[in-house]
Amino acid sequence: MFKKLRNLLLFGLIAALGAVIVYQRFFWSGAARVIRTVDAPAVLRQIQSLQELATVKYTIQKVIGLEEQKVPFGAENVMMVVLAHVKAGVDLGALRPEDIQPGADRRITLRLPPARILDIYLDDKETKVYQRSVTWWTPWVPNNPALEQQARQAALETVQLAALQSGILSNAQQNAETALRAFLQAAGFQQVTVLSRP
Amino acid sequence: MKLLRPVLWWLLAAGAVMVAALAWWRVRQADLFSAPLRVETFGGTNYIIQLTAATVGRVQTGYLVIVTARLENPNPFEVLLQRDWFVLTDESRDYFQPNTNGTQTAIIRIPPGGRLEREMFSYTVSGDSFKGWLALMAGHQRLIPIKSRQPYHPHLNDGEFVTFRRRDW
């Protein structure tokens with residue numbers, strides 16, 4: 001009786017194992033099927049966490065001369081050689097939920113905000129005052145301690161314009177599109193379309 | 001020689017008077033330039049603006065005008081000003097928006113009862129804008145002159161700037 005029950009159990013086990021093997025072989029398509037659903041707000045949060053994405057940096061050298069007309073007479077001059085760095089990129093914190101449109105089959109469309117200049121700063125090691133003078137016939141004119149600061153501000157404005165004229169924004173936009181496409185592909189998206197928001 | 005001496009004295013005195021008159025005129029123009037003005041935003045909030053300098057510079061594509069101003073908030077609450085409100089206009093009624101692409105933020109915040117000592121507004125203009133007056137539009141329908149009607153020919157090279165603290169240029 002005990003022997004019969006054991007044989008029955010053994011047969012049952014073998015039958016169950018065979019059924020599992022047959023199911024795996026013919027009805028189960030390989031690895032565990034993971035259904036990926038794209039959660040647009042989650043993608044938005046992930047991209048927004050990148051914040052300001054600087055994608056290009058220009059280094060510009062300029063000679064800046066600033067003359068301050070004094071009241072009532074005279075003038076004070078300063079001449080500087082400045083080296084400035086300009087960083088441009090996109091502000092991903094400005095992405096809106098509607099800028100991310102997930103599609104079927106791991107597709108995603110992303111609309112980027114327009115590129116802008118993120119930072120401009122002077123390299124203090126390479127920025128030098130070459131000349132500073134007051135008109136010789138007005139020696140009583142007091143020096144303006146803020147003149148160098150004004151010249152630096154003027155230099156930043158000039159450098160910014162020079163960078164814009166050199167196409168820093170289009171360069172930054174292209175680089176941002178490339179970087180984000182690579183980022184999203186690495187995150188598992190197969191077809192990534194990156195557009196620029198007007 | 002004895003006859004020439006009084007003539008010389010008179011000439012010197014006349015020259016001194018002319019220099020003094022010119023100095024007085026320029027000081028007056030400087031006072032007018034930097035007079036504090038109470039203006040209103042489009043929403044009706046008061047604030048005070050005082051021009052401190054106007055800088056003209058040459059860049060590759062034209063001229064750069066940088067207006068430096070002191071902004072004061074007499075209110076017990078924070079005042080937010082949009083940089084776009086500070087439009088530069090010339091005699092031929094061309095309007096120039098301030099550059100907001102770089103270090104200058106689009107929104108200017110003045111804390112309650114506080115002041116911003118050196119707020120800068122920069123504009124890219126053409127050389128034609130210096131043929132007549134230039135004025136800064138601040139607040140609601142307020143024009144603050146920064147340059148006289150007389151034509152100004154800036155003989156500047158690329159990267160050269162000149163700063164004025166008076167109107168008569």
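Which residue stands opposite Thr89(B) in β6(B)? The views below include the answer, Tyr95(B). This is a predicted model, in which local features need pLDDT of at least 70, side-chain atom pairs count only at pLDDT 80 or more, and totals for chains, interfaces and linings use all residues. Residues are numbered from 1 along each chain as its sequence is written, and chains are lettered from A and ligands numbered from 1 in the order in which they are written.

**View 1. The open sheet of chain B.** Four strands lie in the order β6-β5-β9-β10, with antiparallel pairing. Strands (E, at least two residues) are DSSP runs, numbered from the N terminus, and two of them pair if DSSP finds at least two bridges between them. β6 (95–96) and β10 (143–147) of chain B each have a single partner strand, so one side of each is left without a neighbour in the sheet.

**View 2. Strand β9 of chain B and its partners.** β5(B) joins β9(B) through 4 bridges, with Thr89(B) opposite Ala135(B). Ala135(B) also has Pro145(B) as its bridge partner in β10(B).

**View 3. The hairpin of β9(B) and β10(B).** Between these strands lie 5 residues, and Gly139(B) in the turn has a positive phi of about 65°.

**View 4. A pairing between chains.** Strand β1 (residues 52–69) of chain A runs parallel to β11(B), joined by 4 bridges. Glu67(A) is opposite Val162(B).
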